[in-house]
Amino acid sequence: MRTVRRTQCVAMLLAAGFALTACVPGDSTPAGTVIVNARVIDGSGGPSRDVNVRIEGDRIVAVGDFEPSSGDTVLDAEGLVLAPGFIDVHSHHDSRLFELPEALAAVNQGITTIVAGQDGGHQYPLGEFFAQLEASPAAVNVASYAGFGTFREEVMGEDHQRHATPNEVAEMAALLRTELEAGALGLSSGLEYDPGSFSATEEVVELARVAASHGGTYISHIRSEDRYFWEAIEEIIRIGREADLPVQVTHTKLAMNRWWGQAERLLTRLDEARASGVEITADIYPYRAWSTSFTWFTTVFPDRDLDRRDGAEYILTDLMSPDDVLLPDFLPEPAYNGLTLAEIAEVRGSDAETTLMDLLKADTEMGGESSMIGFAMDEPDIEAIMAWPHTVICSDGGLAGSHPRGFGAFTRFLGRYVRERNVVSLEEGIRKMTSLSAEHLRITDRGAIREGYYADLVLFDPETVIDRSTYEDPQVPSAGIEKVWVNGEVVFDGGETTGNRPGRVIRR
């Protein structure tokens with residue numbers, strides 16, 4: 001890949017005896033950056049084009065067959081793919097962003113915009129978070145939802161293990177209006193987690209109506225991704241219908257072996273909902289495993305009673321096997337870090353059910369800060385959901401997390417599912433990471449290579465792009481991503497961050 005100034009081009013041609021007009025078109029266009037010899041996939045889903053792309057400042061100003069101007073920096077892409085910057089519609093990369101503003105985890109995989117405020121929790125109050133980002137920018141753009149769980153905590157405090165009263169719902173609605181006015185994209189929920197798990201559907205509907213009145217959308221970690229999955233799908237459809245706003249099932253999965261093979265049943269139901277007028281969509285990350293706090297298992301035990309052996313038996317029979325539960329960081333006993341539940345049970349000389357109950361009690365006593373990774377999804381289901389026309393790609397990852405998705409979700413999708421598995425075409429795959437994501441989020445001027453759009457761009461090799469992060473080593477940068485621009489500035493180049501921090505706050 002070669003970068004030269006247009007003035008250098010002039011000098012080289014004059015030295016070779018060429019006429020000056022062969023290099024300079026004679027206009028007075030301001031100097032910019034022109035990317036030539038790229039295979040441009042513009043995010044629309046249409047076929048690639050061999051065209052030039054011109055950047056001036058933070059915008060794309062020309063796409064087509066044109067000559068660079070005098071003083072331009074010319075980048076020869078040497079046949080690599082140039083795509084819009086990837087939009088991570090469900091991200092936790094905002095955590096520690098002020099500590100790690102170069103955001104290597106995100107930019108190494110081509111992400112230029114992260115969408116925070118997921119699973120019902122957000123940086124509160126949002127106006128202060130956005131002001132801090134504007135005073136101390138990161139390498140990536142940041143948008144955010146406002147979290148239903150955050151509002152429940154603010155209004156109900158520790159007394160949240162019940163339905164909210166009408167007055168409490170009104171208080172939550174007032175807080176949501178403030179966050180929407182600060183620029184929140186809409187409302188998020190994590191109804192499988194406390195404190196949202198104790199809510200009535202009617203509470204969510206009322207707040208979703210507030211989001212709708214401000215032009216916002218609703219994204220949800222639904223109330224159950226396993227035992228009560230189908231009921232949870234009906235709940236989000238109901239919320240979309242009654243609140244009359246777009247709804248998205250986030251990190252969509254069939255996370256219970258009893259449901260494996262039923263992706264088509266799910267997609268048929270979502271298509272039926274869309275046909276009935278509910279604008280429902282989905283996002284997905286390209287892994288068999290999910291990750292959350294280890295104490296999440298507590299919610300599966302009857303009455304949350306960790307002495308109920310039938311709860312442990314249910315988890316390890318119907319949800320996943322002991323070999324499929326990985327503990328990357330078990331705080332009560334660090335010697336167990338990186339072991340599966342089956343391996344820990346063997347070390348302890350106990351059965352898996354007893355081991356699970358004992359470990360949960362120990363972690364709960366220490367504040368429940370340990371994490372777990374559960375291998376609970378089936379590849380054919382992942383691919384079917386991924387290919388659905390209304391599904392986009394997300395990471396659900398962080399800047400320094402224990403799941404490889406934080407560093408590799410988008411490159412894994414491109415390498416494994418697009419190139420190797422042919423789940424969708426490269427053009428459609430890029431659309432699922434760019435313009436379709438922007439459409440779901442109602443973000444304008446990003447997600448496409450188009451004149452007037454912000455210059456968020458990714459240059460990559462479609463033959464080599466792949467994730468390299470693993471469950472054993474989850475923070476390894478990807479291969480095949482050559483350059484990443486955010487608002488016209490290069491933030492990742494040749495495998496390293498550049499130190500530039502041109503990220504912007506994106507408000508609804």
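Phe86 stands opposite Ile111 in strand 9. This pair belongs to a parallel arrangement in which three bridges join strand 8 (residues 86–88) to strand 9; two strands count as paired if DSSP finds at least two bridges between them, and strands (E, at least two residues) and helices (H or I, at least four) are DSSP runs numbered from the N terminus. The structure is a predicted model, in which local features need pLDDT of at least 70 and side-chain atom pairs count only at pLDDT 80 or more, while totals for chains, interfaces and linings use all residues. Residues are numbered from 1 along each chain as its sequence is written, and side-chain values rest on heavy atoms, with hydrogens and water left out.

Strand 9 has a further partner to consider. Over four bridges, strand 9 and strand 10 (residues 141–144) pair in the parallel sense, and here Ala116 is found opposite Ser144. Six of the six residues of strand 9 (residues 111–116) are buried, so this strand is largely enclosed by the rest of the structure; buried means under 20% relative accessible area, exposed over 50%, and partly exposed in between, with a 1.4 Å probe and protein chains only.

In one, six strands follow the order 11-12-13-14-15-20 with parallel pairing. Strand 11 (146–147) and strand 20 (391–393) stand at its edges with a single partner strand each, so one side of each has no neighbour in the sheet. Strand 20 is joined to strand 15 (residues 280–284) by three bridges, and the two run parallel; Ile284 has Ile393 as its bridge partner in strand 20. The other open sheet also has six strands, in the order 3-7-21-22-23-24, but its pairing is mixed. Its edge strands are strand 3 (39–40) and strand 24 (496–497), each of which pairs on one side only. Strand 3 runs parallel to strand 7 (residues 81–84), with two bridges between them, and Arg39 faces Val81 across this pairing.

With strand 4, strand 2 pairs in the antiparallel sense over three bridges, whereas four bridges join strand 2 to strand 6 (residues 73–76) in a parallel run.

Leaving aside residues up to four places away in sequence, Phe297 touches Ile315, Met320, Val325, Leu356, Leu360 and Met372, where contact means heavy atoms within 4.5 Å. Ile315 is also one of the buried residues of helix 9 (residues 309–319), and the buried residues of this helix pack against strand 17 (325–329), helix 10 (341–348) and helix 11 (352–365).

Ile55 sits in strand 4 (residues 52–56) and is buried, with a relative accessible area of 4%. Beyond residues up to four places away in sequence, Ile55 touches Gly32, Thr33, Ile35, Ala455, Leu457, Trp485 and Gly488.

The largest holds about 1200 Å³ of space and is lined by 49 residues, with His92, Asp119, Ser291, Thr292 and Ser293 nearest its centre. Helix 4 (148–156), strand 12 (186–190), strand 16 (289–293) and helix 13 (405–420) each give two or more residues to this lining. On a 1 Å grid over the protein atoms alone, a pocket is an open set of points with protein on both sides within 12 Å along at least five of seven lines, and lining residues have an atom within 4 Å of a point. Grid points are joined across faces, edges and corners, and a volume is the space filled by probe spheres set on the points. The second largest pocket has a volume of about 260 Å³; of its 13 lining residues, Glu192, Ser197, Arg223, Arg227 and Thr299 are the closest to its centre.

Conventions:
On a 1 Å grid over the protein atoms alone, a cavity is a set of points where a 1.4 Å probe fits but cannot get out, and a pocket is an open set with protein on both sides within 12 Å along at least five of seven lines; lining residues have an atom within 4 Å of a point.
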